[in-house]
Amino acid sequence: MASRTIKSLLVLCLSLFTMAFSGNVFANEKAVQTEQGNPAAAHEPAAHEAEAFNVTETILDHIKDDHSWHLWGHTSLPLPVILYTPKGFEFFSSAKFLNEHHEEIMYKGNYDYKIIEGKIKIVDATEAVDLEASKGLWDFSITKNVASLFVSVFILLTVLLTAAGAYKKTGITTAPKGVQSFMEPIVLFVRDEVAIPNIGKKKFAKYMPFLLTIFFLVLVNNFLGLVPFFPGGANVSGNIAFTMTLAVCVFVVVNLSANKNYWEHIFWMPGMHWSMKLFLAPIELIGVFTKPISLMIRLFANITAGHILVLSLICLIFIFKTVYASAIAVPFAVFIGMIELLVAFLQAYIFTMLSAMYIGMATEEHHHEAHDHEGHKNVAHH
Amino acid sequence: MFLLEVNPLVLPDIGLVFWNTIAFLVLLIVLGKFAWKPMLKAIAERESGIEEALLRADKMKAEIAAMQNENETLLAKAREERAGMIKDAKETADKMVSEAKDKAKQEYDRIISDAQLAITQQKNAALTEVKNQVGTLVVEVAEKILRKELSNKAEQESYIKQIAEGVKLN
């Protein structure tokens, strides 16, 4: 009974959040469109109303990174901008890009900067992008995604260090309690279902910190991405830069821990005719790179797709321009939200499991293969 | 390249890559040292502890079973011993009783035979004495009679004659 009550409460809360979220989002969206999006349209309110709602732009705007963190209505949290240009580093607040009427303006630093389609560019006197100069601009700003990433790092450090501290305090004599009892099954899951089956009992321990860190980082960012308001709302794990960084880390770890057998199987497949070996080598070599690339694209696509799906459902209300559309849109959005919760966990699991599998492939000892190889040689000699 | 430029979604920002690398490395190092290591160590310790405890429990069980067996055998042995002891004691007692009986009988026999001997001796002695006394008495009586009878001469002579006739000369 109790669990059913909790479930219905959860559904209620989620739908309320979704509605509140969508309300804010589109209020803001309209404001953006009105005030900044189309300066020409600002003078013609009628024309502006007609093209005010662009679904693709709205959705992409919520999936993309941003230089300020939208809180509610017209309120946004300005974030620090860090730029590196041939003239050196520059630090300033992203609030400098907006005037008191929330209009996008130029900021005059070492160069003239302006946010064009969400990215900081160097502009000339006419506010047109100076492509040549912009090539020398390196943007290390604390964007919404970076800030959200820091939030997730803070959450992870707090929760996990607390959980680890509990072992020090109570030792191993008592059953796990509190945060510890929540974290331990996940850690055990990663160890028993991900690391040991894929890497093997002998070598898994070395890779446990790496796999656990990846799993928890992806998991927390997936979950934070599903929270529609302030500490969440950023689409970190659905950002290609985030998944690329993790995929590169996996690539580095896999190739650094690869043994002789692994490379032999890539460049000179044992037990094959030499022509086959020549044929297989480039394919296997491409495989070395496609593995992490598949990791990168899988996580990015899954999380982004989920966000797009939820946003599209909410957009139905604005497409049909009637509040009654929410009767269908909101339950569907809640349903997809539920699936997204599952996907959030599933993608963290799949990313970690595939990483573990690649590490397992790279560190596997091919004893039986070696024998086969010798057998073939012997046959060839006879 | 055209596609990449068209869709900003698949264009990684250097800033996020940079901060993400730092965040990941920080997490990896800090969590690796202060969270995963103690956690995994504690979990492994607990697991080995549980395993050990289970093994110990099994061992204890076996030990208890062995002890029970031992106890039973000891008890059986003790019972056997007790039975043996009782039997022995009974035998000893029986033996003692029979020995005592035998001894008593022997003594009895000895006493009886001694008594009989003594009685016989006494009887013999008494008989001897009686015989002696009777002899003396007879002699005395005979003397007295003889004295009386031989007081006259005629009688003396007839008697001597009588004896003399009795004596056979050969």
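User: In which sense do β5(A) and strand β6 of chain A pair, and over how many bridges?

Analyst: Two strands pair if DSSP finds at least two bridges between them, and strands (E, at least two residues) and helices (H or I, at least four) are DSSP runs, numbered from the N terminus. Here β5(A) and β6 (residues 112-116) pair in the antiparallel sense over two bridges, and A:Lys108 stands opposite A:Asp112 in β6(A). This is a predicted model, in which local features need pLDDT of at least 70 and side-chain atom pairs count only at pLDDT 80 or more, while totals for chains, interfaces and linings use all residues. Residues are numbered from 1 along each chain as its sequence is written, and chains are lettered from A and ligands numbered from 1 in the order in which they are written.

User: What is the order of the strands in the open sheet, and which are its edge strands?

Analyst: The order is β5-β6-β7 in chain A, with antiparallel pairing; the edge strands, each pairing on one side only, are β5 (107-108) and β7 (119-122).

User: How are two packed helices described?

Analyst: They are described by the angle between their axes and the distance between the axes. Axes are lines fitted to C-alpha atoms, for helices over the stretch in contact, and angles run from 0 to 180 degrees between N-to-C directions. In chain A, helix α4 (residues 55-63) packs against helix α11 (residues 274-320) at about 140 degrees, with the axes 10 Å apart.

User: Which residues of α4(A) make the contact?

Analyst: Counting residues whose C-beta atoms, placed from the backbone, lie within 7 Å as in contact, α4(A) contributes A:Val55, A:Thr58, A:Ile59, A:His62 and A:Ile63, and the residues of α11(A) include A:Leu311 and A:Cys315.

Methods
Contact = placed C-beta atoms within 7 Å.
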